[in-house]
Amino acid sequence: MNSTSNATKRVVYNDAVVRAFLLAAIVFGVVGLLLGVIVASQLSFWKMNLETSWFSFGRLRPLHTNAAIFAFVGNMMFAGIYHSMQRLLRTRLGSDFLSWAHFLGWQLIIVCAAVSLPLGLTQGKEYAELIWPIDALVAIVWVIFAINFFLTIAKRNEKNLYVAIWFYIATVVTVPVLYIVNNLPVPTSLLHSYPVFGGVQDALVQWWYGHNAVAFFLTTPILGIMYYYMPKAADRPVYSYRLSVVHFWSLVFLYIWAGPHHLLNSALPEWAQTLGMVFSLMLWAPSWGGMLNGLLTLRGAWHKVREEPVLKFFVVGVTFYGMSTFEGPMLSIKSVNALAHYTDWIIGHVHGGTLGWNTGMAAGLFYWLVPRMWGTKLYSVKMADAHFWLSTFGMLLYIGAMWVNGINQGLFFQALDAEGFLKNTDFVEVLRSGQFLYMMRLIGGSVFFVGYLIMVFNLVMTIRSGKAATDAVDVPVHAEPAPVSAFALLFSAPIVLSTVVIIVMSAFAMAGPISSAVVAALGVLLVVVCALYYRRYQAEKVRWHALLEGKSLLFTVLVLVSILIGGLVELVPSIVKKDYALSAAAAKPVPGATVAVPSRYQQIPSTPLEVEGRDIYVREGCYVCHSQMVRPFRHETLRYGDYSRPESFVYDHPFQWGSKRTGPDLHRLAGRYPNLWHYQHMRDPRSTSPGSIMPAYPWLHEAKVDYAATGGKLSALKVVGVPYEADTIARAQDLALAQGRIIAEDLAKSGSVTIAPDSEIVALIGYLQALGKLNEPPPLTQAQPVNAPANPPVDPKGGK
């Protein structure tokens, strides 16, 4: 039958799980912001570290970022998705059991993170610090979420998928791809592992994940929330359906390529850096298209912004989305990145997105959703207004302080005198000059936190004034329309033309000087074909994308293909090149002879003691404040030593390049200071570096290393490619203690220090003294011809 029936069915939404995620988000927002205030105070007052291991900056900062991203934004995101998709699809969630399993599993992950990170149980990778059993739990819970999500779509009572659902689909399918690839482990125990990738490969994979975690966890789902709740709050339709289509597909395709812009001017291959920079600049257009689509939705409703707290926060959120997506591509320009990277400018940029975009949208969602979920009105509009102005002031003070301090730091480090040497040689001087701005950050963050607490009180009073309310809707039972062939959609003109465009762009990128002209000509022809098709599309009123929206499986597959293209193109070439030690840079011919000598920059596998020292370095979060990447700039090589090469990190699992320098770069630290200096520096940093804000680490001088487990760690590293001999693995404990005794004896001789050779401080000193150590090539007379025996045969005729 093609006629429409008058029959209806009653759909009761599952709002209980929405309320649970909503309450969890509000609570964890307090936790994440409180941790932010604490770590900001530790940078202003080093004594706030309390000389306690679990309260030190290096351990609390990852806890702060994980609480803000996965606990606060994660729970808010799930609340918004589960609430809006039921209304958009006019159906109950796919499974009540899966919904609650998802909720309880996600909270269990957060609790595990809250316990493990302060204990120093970490993988040492930004935004991916959780140890491998928790990673496995994340994957399981996400699968539960995905099944529930697609079950809901499968039983929907609306044929077409609204724009918000598109962005939710992109999040659901992309996050597991990113998370699993970046967190592939080789465990050494239940609480420790090494990543499969190392060095340059690990850096590329990590920031492919790190950048796109921002894209597909902190951006696309929040855009979906914007597309649903902003029109609801304004009582206006979305400004442009066509713009939302362009926004979605261009964002999903382009975003995945931009990760390498976090590694500009580093040891990453130049082609990958350029690719990341170009695609980051291209992201300007779709990002601003989405921002304008959101703001222009308020046409004719701007008077409501004065009265409605929900719209105030949505406007600020969308505005900061635009600001952050302008600043991000700008920071991806190499010359700008050279100034800004490793400085507080990056901290300001990140918090513009988290405080402005994510928290602004979260506050708007809370103010809109809480009264409706408890069937009442907001307790106090005036308190919501006070929250808005306090959060806006605090946020601007925070971000402004970091912008000013970051530019000051960049100029300070780059300054050279008339003869081309460093003007500013003392690193601590820039910390002293920035203390006022660090205080401004602390004040701004505290004001923002106070505003959030006002919101929490307002929402609690709102909840107390009402009671839990569950919505239901009567849905007409329609006859199924004639199906549209998925095959016909897949091979329709838009997809075919899009595929050809991608192929032509790729060919142009790889073409030579002559062939690029041919490819460019094909590109012009392609533009003409697209224009002709568009005229036909307009004339025939073909709603191709509307038909695609009715095919949820095909839509999901196309999204997956869009994100996989960029990931495969960027990652596969780097991963296939497994060993930079075999590159031309790592085996240089000696002039006058066909011989090869090891590159002086080639990394040597760490000794057993150094492996344990490196694990301590990672555990204490030293990568949070110190980089291990000397960029190829004169001011950096003068300050830190020879610039870093790819082969210098071959055996680093995980890589430790860092992203912020609150302390100096450490890649060329080897031999710069005696053992006693390191011993005293870790016990009291101000005794060796007056004015330092680094926390003290007295527990390292008391705690012992379990060298009985070192052999297992070396075995795991051998699995991922570090060339340890079986004898070295078997004797790991003895070798580590022997090297430890050498360091302990040196400390006793130079400073009358009595320390056990198995102390953690001894292992850490061993690691620091090996950082970036250069290999001196053997004398020319010892170099042997390539592929020749060690002792070449003598020519019986006496020839040479």
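Colleague: Which residues does N358 touch, not counting residues up to four places away in sequence?

Modeller: This is a predicted model: local features need pLDDT of at least 70, side-chain atom pairs count only at pLDDT 80 or more, and totals for chains, interfaces and linings use all residues. Numbering runs from 1 along each chain as its sequence is written, and side-chain values use heavy atoms, without hydrogens and water. Contact means heavy atoms within 4.5 Å. With residues up to four places away in sequence set aside, N358 touches V73, M76, L218, I222 and G353.

Colleague: Is N358 buried or exposed?

Modeller: N358 sits in helix α14, residues 344–373. Helices (H or I, at least four residues) and strands (E, at least two) are DSSP runs, numbered from the N terminus. Buried means under 20% relative accessible area, exposed over 50%, and partly exposed in between, with a 1.4 Å probe and protein chains only. N358 has 3% relative accessibility, so it counts as buried.

Colleague: How many helices and strands are in the chain?

Modeller: Buried residues make up 57% of the 800 residues in the chain. Among contacts with a separation of 6 or more, 82% join residues 24 or more positions apart. The chain holds 30 helices and six strands.

Colleague: Which residues touch the most other members of the largest nonpolar core?

Modeller: A nonpolar core is a set of buried Ala, Val, Leu, Ile, Met, Phe, Trp, Tyr and Cys residues joined through side-chain atoms within 4.5 Å. The largest one has 179 residues. Helix α2 (residues 57–89) gives the most to this core, with 18 residues. The members that touch the most others are F216 and F366.

Colleague: At what angle do the axes of α25 and α29 cross?

Modeller: Axes are lines fitted to C-alpha atoms, for helices over the stretch in contact, and angles run from 0 to 180 degrees between N-to-C directions. Angles under 35 degrees count as roughly parallel, over 145 as roughly antiparallel, 65 to 115 as roughly perpendicular and the rest as oblique. The axes of α25 (residues 675–683) and α29 (residues 732–751) come within 9 Å and cross at roughly 85°. That makes α25, relative to α29, roughly perpendicular.

Colleague: How do the residues of the contact of α25 with α29 divide?

Modeller: From α25, N675, L676 and Y679 meet I743, D746, L747, S750 and G751 of α29. Ala, Val, Leu, Ile, Met, Phe, Trp, Tyr, Cys and Pro count as nonpolar, Asp, Glu, Lys and Arg as charged, and the others, Gly among them, as polar. The division is four nonpolar, three polar and one charged.

Colleague: What geometry do the rings of W166 and Y241 have?

Modeller: Rings of Phe, Tyr and Trp (its six-membered ring) pair if their centres lie within 6.5 Å; planes under 30 degrees apart count as stacked, over 60 as edge-to-face and the rest as tilted. The whole structure has 47 aromatic pairs. For W166 and Y241 the centres are 6.2 Å apart and the planes stand at 75°, so the pair is edge-to-face.

Colleague: How many residues apart in sequence are the parts that W166 and Y241 tie together?

Modeller: W166 is buried, at 0% relative accessibility. Y241 is partly exposed, at 41%. W166 lies in helix α5 (residues 163–182) and Y241 in helix α8 (residues 241–255), so the separation in sequence is 75 residues.

Colleague: Which residues does a cis peptide bond join?

Modeller: Most peptide bonds are trans. P654 lies in the loop between α24 (634–640) and α25. Here omega is about 0°, and the cis bond joins H653 and P654.

Colleague: What is the positive phi of Y342?

Modeller: Y342 is in the loop between α13 (334–340) and α14. Y342 counts as buried, at 4% relative accessibility. Y342 is not a glycine, yet its phi is about 75°.
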